[in-house]
Structure formats: C-alpha cells, structure tokens
Amino acid sequence: MNLQTNYLGLSLRHPVIAGASPLSATIDGIRRLEDAGAAAIVAASVYEDEALGEDAAFDAAVAIGAESHAEVTNYLPPLPGYKGALAAHAEMIRRAAESVSVPLIASLNGVTREGWTGIAADLQQAGAAAIELDLDLFHIPTDPRETSAEIEQGLVETVREVCKAVTIPVSVKLGYNFTAPAHLAVEIAAAGASGLVLFGRRFEPDIDLETLTFRPRLCLSTANDIHVPLMWISLLAGKTSLSLAAGRGVDGPEEVVKYLLAGADVAEAASSLLRHGPSQLNRMVEGLTEWIEAHGAASVAEIRGRLRADRFAQPEALLRVQYLRSLRLQRGALDNVRRA
Ligand SMILES: Cc1cc2nc3c(=O)[nH]c(=O)nc-3n(C[C@H](O)[C@H](O)[C@H](O)COP(=O)(O)O)c2cc1C
C-alpha cells in the first residue's frame with residue numbers, strides 16, 4: 001500500500017499530520033506525536049503579542065526595586081536562562097526539529113509586519129521545514145468603512161512579506177468567513193505561499209451570566225465540523241497550485257478518507273488528538289489503509305480528488321441539488337415528527 005503524499009513540496013509517508021495544539025508545544029510532546037505516527041507535525045504557534053507580553057512582564061519584574069535603588073540593576077544576578085520568549089520558542093523548534101525525523105512545521109501568529117517577517121526568518125533559521133501562518137484571526141473587521149477587498153489585500157500582503165523573508169515553504173491557515181475563497185486562494189498563491197489549511201478554528205467567547213463578562217470558551221471539534229471545509233477543498237482542488245490541508249474535524253479514518261476524496265493532500269488533526277490521545281494518529285492511518293484496500297485501490301494517489309468538484313459537469317448545480325435534497329430530507333423528518 002502506497003500512502004505517500006506531497007504537502008508543501010515535502011514528501012510525506014502518509015497524509016495524516018498533527019495540527020498545532022498544546023500537544024505540539026514542547027519537545028517531548030512533538031516526539032510523542034512522531035512516535036504515535038504523525039507524518040509531519042505543526043508546532044503550537046508562537047504568538048507575537050503574547051511573547052512580547054511575557055518579555056514585558058519579565059522586564060517589569062526585574063525592574064521592581066530598581067526604582068527605589070537606582071544602582072540595584074547593576075547588582076542583579078545574570079538572568080537565569082531567560083532569553084526572551086521568542087528566542088525560547090525558536091530554541092524549542094531547533095531542538096525539536098533535531099530530535100524528530102518527520103518534518104516539523106512551525107506556526108506563527110504575528111501582529112506587526114516586523115513580527116511576521118522577523119519571527120518567520122528566525123523559525124526558518126531554527127530548522128523548521130515549513131511555516132504555517134495562523135491567519136484565522138488576522139483581522140477583526142469592526143470598522144464599517146473597511147471593505148472586504150481591503151482586508152484581503154492586507155492578508156495577502158502579509159503572506160507576500162513572509163514569503164519574501166524565508167526560503168522554506170509557507171502555508172496559510174484561514175478562517176472561512178471570506179466572500180470569495182477561490183479568488184483569495186489565487187492571490188495567496190501569487191504572493192508566494194505553497195499551501196492552504198482549510199480551515200482554522202476560532203474560539204469566540206461566551207457570556208458569563210453571573211459575572212456579566214465575556215469568558216473564553218474551548219470547544220473541541222467533532223466529525224460534524226468537516227462539511228464546510230470538505231466542500232471548499234472539493235471546490236478548490238485542481239483549481240489552485242496550492243497544497244491543500246484539511247484542517248477541521250479530522251476525528252478518525254472516515255474523515256481522512258472523505259477529505260482525500262475531496263482532494264486534500266493531507267489531513268491535519270488537533271481536537272481528535274486532544275480527545276483520544278496521539279495514538280489516534282495511528283488508528284487513522286490504519287483505517288485509511290483498510291478503506292483503500294477494501295475499495296480496490298493501492299495508493300492514496302488513486303483515491304485523492306475522486307470527488308473534486310471540477311470532475312462534475314456543473315459543480316454549482318451539484319451543490320444546489322444537494323441543498324435541495326437536504327431540504328427534502330428535512331421536510332420528511334418534520335412530517336415524521338408531526339405524524340408521531
Ligand atoms: C486547545 C487548542 C489549541 C490550539 N492551538 C493552536 C495554535 O497554537 N496555533 C494554531 O494555529 N492553531 C491552534 N489550534 C487550532 C488547531 O490547530 C486547528 O486549526 C483547529 O482546532 C481545527 O482543527 P480540529 O478540528 O482538528 O480541532 C488549537 C486548537 C485547540 C483545540
């Protein structure tokens with residue numbers, strides 16, 4: 001069985017990779033994901049603002065006392081191994097990349113232009129095989145004068161700047177709130193990126209009814225979350241030069257197979273590994289192998305893209321027909337409820 005696939009120009013032995021999550025935030029965690037069978041691993045993101053916040057907090061802690069005794073900073077002991085949060089993350093990437101044999105993809109969530117480009121260059125220098133730009137939360141468009149075209153231009157410009165700053169492949173993780181994802185994909189490819197991850201996941205806050213404040217919410221995805229990305233992968237496959245990573249709801253072998261049929265190059269799992277543990281990676285690879293065998297094929301390449309939208313005469317009509325059919329199913333279910 002040949003499970004080999006290519007993603008971002010990297011040759012992977014199979015298409016199941018570990019997405020960015022707390023499981024890939026440490027060297028040990030990254031090693032564990034490799035042992036569990038990941039064909040590539042996306043490290044947890046470095047967040048520019050969070051890293052700078054940690055540095056500012058450290059500086060503030062060091063400065064306590066310096067105000068009352070100006071000379072005190074001269075007597076402070078050498079900083080105990082504190083290199084700055086960004087340097088510490090780059091060091092983690094360097095040591096992790098050295099200790100695994102699968103490609104380690106660094107993930108970056110920047111804020112400033114210098115942050116996006118400078119940190120990306122540092123991550124390359126540290127030995128990352130590629131960089132995934134976490135652009136899901138790139139911009140919260142609250143200004144009613146700002147147009148979607150302006151927002152997309154800003155995003156594409158960021159991708160272009162990063163691609164100029166590094167020579168390793170760059171992938172872009174998007175949210176799906178874009179009016180014209182197909183056009184955006186073309187622009188992102190022209191800006192120099194090698195791949196798209198469809199889609200990231202935001203954790204929009206909830207309201208706490210006792211404290212009357214917003215509170216953070218962590219919600220792991222399930223197989224029910226695949227349908228929007230599944231549709232977009234099918235619609236984009238064959239229409240873009242970008243590698244396509246399925247990045248939402250990869251819970252088990254079935255989702256991996258569905259995404260490959262739609263045209264994905266890899267399936268990137270995060271929630272599933274948090275829920276079931278890293279060994280779920282191996283279960284996905286085994287299940288994928290069994291499915292391919294049971295359906296008379298001998299490789300991932302044979303099944304990839306069989307349900308790409310461009311293989312159908314009129315993809316838009318196909319989607320509309322599916323929509324109308326699902327309405328009919330819903331009406332049927334409603335009739336059953338009424339009869340019961
Ligand atoms: C607890 C948790 C932490 C995450 N941390 C990151 C991160 O550091 N960087 C990132 O780009 N995405 C992060 N993600 C998003 C995942 O990488 C992934 O894009 C998203 O969860 C959708 O995949 P899933 O359906 O397999 O969970 C995180 C997700 C979870 C659940």
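Mentor: The ligand's space is the largest pocket. A pocket here is an open set of points on a 1 Å grid over the protein atoms alone, where a 1.4 Å probe fits, with protein on both sides within 12 Å along at least five of seven lines. A molecule sits in a pocket if more than half of its atoms lie within 2 Å of its grid points. The model is predicted: local features need pLDDT of at least 70, side-chain atom pairs need 80 or more, and totals for chains, interfaces and linings use all residues. Numbering runs from 1 along each chain as its sequence is written, and side-chain values use heavy atoms, without hydrogens or water.

The ligand is surrounded by 22 residues (a heavy atom within 4 Å). Among the closest are A20, S45 and S221. Now the polar atoms. In S221, a side-chain N or O atom lies 2.2 Å from a ligand oxygen. For K173, the distance from a side-chain N or O atom to a ligand oxygen is 2.7 Å. S45 places a polar side-chain atom 2.6 Å from a ligand nitrogen. On its own, the ligand has 600 Å² of accessible area (Shrake-Rupley, 1.4 Å probe). The protein covers 91% of that area.

Turn to H14. It lies in the loop between β2 (10-12) and β3 (16-18). Strands are DSSP runs of E, at least two residues, numbered from the N terminus. H14 counts as buried because its relative accessibility is 5%; the cut-off is under 20%, with a 1.4 Å probe and protein chains only. Its side chain reaches the backbone nitrogen of V16 at 3.0 Å. Beyond four places in sequence, H14 has contacts (heavy atoms within 4.5 Å) with L3, T5, G37, A38, A39 and V285.

Note on methods: Helix = DSSP H or I, 4+ residues; strand = E, 2+ residues; numbered from the N terminus. Buried < 20%, exposed > 50% of the residue type's maximum accessible area, 1.4 Å probe, protein only. Polar contact = N/O pair within 3.5 Å; in protein donor to acceptor, adjacent residues only side chain to side chain. 1 Å grid on protein atoms, 1.4 Å probe; cavity = no way out; pocket = protein on both sides within 12 Å on 5 of 7 lines; lining within 4 Å.
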